[in-house]
Amino acid sequence: QVQLVESGGGLVQPGGSLRLSCAASGSIFTILTMGWYRQAPGKQRELVATITSGGSTNYADSVKGRFTISRDNVKNTMYLQMSSLKPEDTAVYYCNTGPASLNWGKGTLVTVSS
């Protein structure tokens with residue numbers, strides 16, 4: 001079973017940037033479509049972006065043009081570069097396969113506030 005550990009969250013002002021990382025155990029990571037998800041307070045978890053093993057990407061309309069998903073199959077790590085952050089991006093961010101099929105990690109909290 002692949003295990004996932006998210007990191008990189010924090011407090012950032014509106015308009016700022018953050019880069020999240022998702023470290024995965026196991027070489028199977030390289031063949032999986034992976035995704036970033038987020039869950040804002042009082043809301044359901046939603047899919048933010050996905051990336052295939054070959055590097056094709058898709059984004060939710062709410063983050064398109066501001067977030068960039070990428071992966072390093074050598075390091076078994078996926079990233080989410082977030083720019084032009086808005087208060088509504090505040091959430092706990094998780095990584096998983098796309099669609100989600102693995103146990104959820106603890107996530108990493110992103111707070112966008114002045």
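**View 1. Residue T68 in strand β7.** T68 lies in strand β7, which spans residues 67-72, where helices (H or I, at least four residues) and strands (E, at least two) are DSSP runs numbered from the N terminus. This is a predicted model, in which local features need pLDDT of at least 70 and side-chain atom pairs count only at pLDDT 80 or more, while totals for chains, interfaces and linings use all residues. Residues are numbered from 1 along each chain as its sequence is written, and side-chain values use heavy atoms, with hydrogens and water left out. With a relative accessible area of 43%, T68 is partly exposed, a class that lies between buried (under 20% relative accessible area) and exposed (over 50%), using a 1.4 Å probe and protein chains only. Leaving aside its neighbours within four places in sequence, T68 is in contact with Y59, Y79, L80 and Q81, contact meaning heavy atoms within 4.5 Å.

**View 2. The open sheet.** In the order β2-β10-β9-β4-β5-β6, 6 strands form an open sheet with mixed pairing; two strands pair if DSSP finds at least two bridges between them. β2 (10-12) and β6 (57-59) stand at the edges with a single partner strand each, so one side of each is left without a neighbour in the sheet.

**View 3. Strand β4 and its partners.** Strand β4 (residues 34-39) pairs with strand β9 (residues 91-97) in the antiparallel sense over 6 bridges, and Y37 has Y94 in β9 as its bridge partner. Strand β5 (residues 46-51) is joined to β4 by 5 bridges, and these two strands also run antiparallel, with G35 opposite T50 in β5. The hairpin of β4 and β5 has 6 residues between the strands, and in this hairpin G42 takes a positive phi near 75 degrees.

**View 4. A network of salt bridges.** R38, E46, R66 and D89 are linked in a network of salt bridges, a salt bridge being a side-chain nitrogen of Lys or Arg within 4 Å of a carboxyl oxygen of Asp or Glu. The side chain of R38 meets that of E46 at 2.7 Å, N to O; R38 counts as buried at 6% relative accessibility, whereas E46 is partly exposed at 36%. D89 also forms a salt bridge with R38, their closest N and O atoms being 2.9 Å apart. This pair links distant parts of the chain, with D89 in the loop between β8 (77-82) and β9, and R38 in strand β4, 51 residues apart. A further salt bridge joins the side chains of D89 and R66 (2.7 Å, N to O), and both D89 and R66 are buried.
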